[in-house]
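Please read it beside the sequence and the structure shown here.

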Amino acid sequence: YRTYSYCGQELAAKITQARIFLQRENIRKGDKVILLGHNSIEWVIVYLACILSGVIVVPLDVQTNKALLQRIQKQVRAKALFSEKGLAAFKPKSYQLQTYFLDELENSLKEIKSARLTAAAVKSIDILQIVYTSGTTGEPKGVILTYENMVTGIRSACNAVPLKLPLRLLNLLPLSHIFGQVYGLFLPLHFGHQLFFLDSLQPRKIISFIRNKRIHGAVMIPGLVAALKKALEGTSLRWNLGSQFRLLGVGGAALDSTVEKWWKRHFVLVVQGYGLTETAAVVSANKPFASKIGSAGRIAEGVEIKLDSDGEILVRGKNVTPGYYRDAKKTAQSFTDSWFRTGDIGEIKKGYLYIK
């Protein structure tokens, strides 16, 4: 594999250079930037540079098509678009945006001298990002996440899954999604882990990468966990993945309990959590050595939940979104008093949440 790596000091310097670049391009606090690209160091640099500058990020999935991008741009009126060459949705002249390529970021920052910059003065209620959760049919739905929402969610995640030993972690979740950001970026950065990205979701390539890079744990969606199980069945996990691989973080949907049991029989800890974009990814999580099969874990610190009469999970806390961007009707429908309606049916047994 051709591998590119940054240490924390190098990353910090690049983020500062990117902040100066944003200033030079007249992208200021309160402006919006659409970020459309695969997981990469360049994506992380632009994302964190925006957050530290008070610039509102609109991260989009790489599958976003031209029509959806146009509808989102009409709603958010972003000032700039950072994308990749070759993505289907990238057609700069159509969107009346300042456009930049993540592929060329290194060259754009090369001439900028790093300097000491303080973080922009923001309020807890200021918008940090607007995350679109659907919209391929009908109107796109932009979830507002404030600085308070994100800080609360990240803090709850770090308390729920305290991975304090130094680890090499592979993030196979898209950074455009909130679960990938909280558990696949901020949590590893907080604990000082080495974080890896891979440009393939093919099980055989993932298996080879885990073995060659001696990866300790990975975060991914249930479908990929099941695909890896299928590729590994009848073989030696120790030979294929290495004896160091011991942790799977799973979210985004419910994991089949038979798949979870299979991994646990092979001495791989499966840490499953539950959350939504609207709750900054966090509602509940299993601790690595205190998980229950089939459960979405204990309620996270700082989060309140209750079950409605029909069993629907209602959530309240500082991690919960204030609503949907420019959609008062949808916002009103999603809350009862101060409780956010998840739309999921659940059950609580002995302090553990189960999604039905």
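How are α2 and α6 oriented to each other? The model is a predicted one, in which local features need pLDDT of at least 70 and side-chain atom pairs count only at pLDDT 80 or more, while totals for chains, interfaces and linings use all residues. Residues are numbered from 1 along each chain as its sequence is written, and side-chain values use heavy atoms, with hydrogens and water left out.

The axes of α2 (41–53) and α6 (178–191) come within 13 Å and cross at roughly 80°; the two helices are therefore roughly perpendicular to each other. Axes are lines fitted to C-alpha atoms, for helices over the stretch in contact, with angles from 0 to 180 degrees between N-to-C directions, and 65 to 115 degrees counts as roughly perpendicular. Helices (H or I, at least four residues) and strands (E, at least two) are DSSP runs numbered from the N terminus.

In this contact (heavy atoms within 4.5 Å), Trp 43, Val 44, Tyr 47, Leu 48 and Ile 51 of α2 meet Gln 181, Leu 185, Phe 186 and Leu 189 of α6. These residues divide into 8 nonpolar, 1 polar and no charged, where Ala, Val, Leu, Ile, Met, Phe, Trp, Tyr, Cys and Pro count as nonpolar, Asp, Glu, Lys and Arg as charged, and the others, Gly among them, as polar.

## Packing of α7 against α8

The axes of α7 and α8 (residues 222–232) come within 9 Å and cross at roughly 80°, and α7 and α8 are therefore roughly perpendicular to each other. Pro 203, Arg 204, Ile 206 and Ile 207 in α7 are in contact with Leu 224, Ala 227, Leu 228, Ala 231 and Leu 232 in α8; by class, this contact has 8 nonpolar, no polar and 1 charged residues.

## Aromatic pairs

There are 8 aromatic pairs in the structure, counted where ring centres of Phe, Tyr and Trp (its six-membered ring) lie within 6.5 Å, with planes over 60 degrees apart taken as edge-to-face. One of them joins Phe 196 and Phe 209 edge-to-face, at 6.0 Å centre to centre and 75° between the planes. This pair links strand β8, which holds Phe 196, to helix α7, which holds Phe 209, the two being 13 residues apart.

## The largest cavity

The structure holds 1 cavity of 30 Å³ or more, a cavity being a set of points on a 1 Å grid over the protein atoms alone where a 1.4 Å probe fits but cannot get out, with lining residues having an atom within 4 Å of a point. About 230 Å³ of space lies in the largest cavity, whose 23 lining residues include Val 161, Leu 163, Tyr 183, Val 219 and Gly 249, nearest its centre. With 5 residues, α6 gives the most to this lining, which by class has 16 nonpolar, 7 polar and no charged residues.

How values were computed: Parallel < 35°, antiparallel > 145°, perpendicular 65-115°, else oblique. 1 Å grid on protein atoms, 1.4 Å probe; cavity = no way out; pocket = protein on both sides within 12 Å on 5 of 7 lines; lining within 4 Å. Points joined across faces, edges and corners; volume = space filled by probe spheres on them. Phe/Tyr/Trp six-rings, centres within 6.5 Å; stacked < 30°, edge-to-face > 60°.
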